[in-house]
Amino acid sequence: MTDTDPGIRSGSLRAFPPPADLLPGLLADPETREAAVAHSAPTPELAADPDSDVRSAVAAHPDLPTGLRDLLARDPDFFVRNAIAARADTPPELRERLVAGLKPDSPLAEWMLSFGRGNHAGPPPAPVPPPLTRQQAEALLARAGF
């Protein structure tokens, strides 16, 4: 957690709880703040962080107070609002309002949101090509240079 590589520090935080004396520094570091959120108490400062990934981590925190949940439910970032909607303790009426207002601006964002909602689906399977005769297969391989 003190490695010079920020990826190592973040990965360590995702795998292990940090020693108490390192947590303030890890929260202060923009490279590790998101991963450190899981090991700290959710605060209004973290819920207002300029980094939406940090706010998403706060929204997913198991000890999120109701007041911060309601604040983050109005966050401008739809991934943060999605994290609030995905919480088991979010009241059904708030969840419905959040999901109805989640309008991603791209198919990629919609696909990413589907993981948090638990309704992710892969692309449809490709159609099975018709069987080839040996002669057709050899001709196809010859055209491909094999």
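In helix 7, the buried residues are Phe78, Val80, Arg81, Asn82, Ala83, Ile84 and Ala85, where buried means under 20% relative accessible area, exposed means over 50% and partly exposed lies in between, with a 1.4 Å probe and protein chains only. This is a predicted model, in which local features need pLDDT of at least 70 and side-chain atom pairs count only at pLDDT 80 or more, while totals for chains, interfaces and linings use all residues. Residues are numbered from 1 along each chain as its sequence is written, and side-chain values use heavy atoms, with hydrogens and water left out.

Helix 7 spans residues 78-85 and is mostly covered, since seven of its eight residues are buried; helices here are DSSP runs (H or I, at least four residues), numbered from the N terminus. Phe78 counts as buried because its relative accessibility is 14%, whereas Phe79, at 28% relative accessibility, counts as partly exposed.

The start of the helix also has a contact to its backbone: a side-chain oxygen of Asp77 comes to within 2.9 Å of the backbone nitrogen of Phe79.

Turning to the rings, the structure holds one aromatic pair, a term for rings of Phe, Tyr and Trp (its six-membered ring) whose centres lie within 6.5 Å, with planes under 30 degrees apart counted as stacked, over 60 as edge-to-face and the rest as tilted. The partners are Phe78 and Phe79, and because their planes stand at 35°, with the ring centres 4.6 Å apart, the pair is tilted.

Definitions and conventions. Helix = DSSP H or I, 4+ residues; strand = E, 2+ residues; numbered from the N terminus. Polar contact = N/O pair within 3.5 Å; in protein donor to acceptor, adjacent residues only side chain to side chain.
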